[in-house]
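Thanks, everyone. Let me put the model on the screen, and then we can walk through a few residues and finish with the whole chain.

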Amino acid sequence: MYTIISGTNRADSHTLKIANEYKRILKEKGIEAKVFSLEGIDLLNRNEAFEKIEQEVIIPTDNFIFISPEYNGSFPGVLKLLFDTSVSDKIWWNKKALLTGVSTGRAGNLRGMDHLTGILNYMKITVHPNKLPISIVHKLHAEGKLTDKNTLQAINQQLDEFIEWVPDYSNTNK
């Protein structure tokens, strides 16, 4: 299972728009993916609602795609809370991840993706080497859809590499 995590809790974010574009592109490639937004989720408390997220989203997912905005040269604290509140050694280990950084600036959250990679590796999640920085994200889409051909091409290439890299369990008894 593929899950795309929109790594911010900000309403109407560019991050969520890009996450939805990833879902659309994956669907075109014949892969169903879920988008999981951190908007409106209480990540400060490990409660019944959080445990439901673990059971329904994190545990069944083999392949994560993290879309992470740049917050102060890194990634949002709310995304770190997702990891810190969970039982990381039981639910995150031995999974795969693809990272995309978004920013309105020129670096596409390169530094934040490096920070996120270190944390994911610590949690025994293998990160695909093609980490895509998307810069000036606010100028690349219209009405929620990406319009920049170069960005769309880069996303397609990144996703093709990730799909080829992750195991296909569809024909096996996992």
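Let's start with Ser 13. Ser 13 sits in the loop between strand S1 (2–6) and helix H1 (14–28). Helices here are DSSP runs of H or I with at least four residues, strands are runs of E with at least two, and both are numbered from the N terminus. A word on the source: this is a predicted model, where local features need pLDDT of at least 70, side-chain atom pairs count only at pLDDT 80 or more, and totals for chains, interfaces and linings use all residues. Residues are numbered from 1 along each chain as its sequence is written, and side-chain values use heavy atoms, with hydrogens and water left out.

Back to Ser 13. Is it buried or exposed? Ser 13 counts as buried, because its relative accessibility is 9%. The cut-offs: buried means under 20% relative accessible area, exposed means over 50%, and partly exposed lies in between, with a 1.4 Å probe and protein chains only. Setting aside neighbours within four places in sequence, Ser 13 is in contact with Ser 6 and Thr 8. Contact means heavy atoms within 4.5 Å. Ser 13 and His 138 are 125 residues apart in sequence, yet their C-alpha atoms are 9.7 Å apart in space.

Next, Glu 54. Glu 54 belongs to helix H2 (residues 48–58). Glu 54 has a relative accessible area of 4%, so it is buried. What does its side chain make a polar contact with? The partner is the side chain of Arg 46, at 2.7 Å. A polar contact is a pair of N or O atoms within 3.5 Å; within protein, one must be able to donate a hydrogen and the other to accept it, and residues adjacent in sequence count only if both atoms are side-chain atoms. Not counting residues up to four places away in sequence, Glu 54 touches Arg 46, Ile 59, Pro 60, Ser 86, Val 87 and Ile 91.

Now two asparagines. Asn 72 lies in the loop between strand S3 (63–69) and helix H3 (77–85). Its phi is near 50°, a positive value in a residue other than glycine. Asn 72 is exposed, with a relative accessible area of 84%. Asn 109 is in the loop between strand S4 (96–102) and helix H5 (110–122). Phi of Asn 109 is near 65°, again positive in a residue other than glycine. Asn 109, however, counts as buried, because its relative accessibility is 1%.

Ser 74 links these two stops. Ser 74 is in the loop between S3 and H3. With a relative accessible area of 16%, Ser 74 is buried. Beyond its neighbours within four places in sequence, Ser 74 is in contact with Pro 69, Asn 109, Gly 112 and His 115.

On to Ile 134. Ile 134 is part of strand S6 (residues 132–134). Its relative accessibility is 2%, so Ile 134 counts as buried. Which residues does Ile 134 touch, not counting those up to four places away in sequence? They are Ile 18, Thr 100, Gly 101, Val 102, Ser 103, Gly 108, Leu 140, Thr 151 and Ile 155. Take Gly 101: it is 33 residues from Ile 134 along the chain, and their C-alpha atoms are separated by 5.9 Å.

Pro 167 falls in the segment after helix H6 (149–165). Pro 167 is partly exposed, with a relative accessible area of 36%. Pro 167 and Asp 62 are 105 residues apart in sequence and 9.1 Å apart in space, C-alpha to C-alpha.

Now zoom out. The protein has 6 helices and 8 strands. From the N terminus on, the order is β-α-β-α-β-α-α-β-α-β-β-β-β-α. Of the 174 residues, 46% count as buried. Among contacts with a separation of 6 or more, 78% come from residues 24 or more positions apart. Along its principal axes, the C-alpha trace spans about 40 × 40 × 25 Å.

That is the tour. Happy to take questions.
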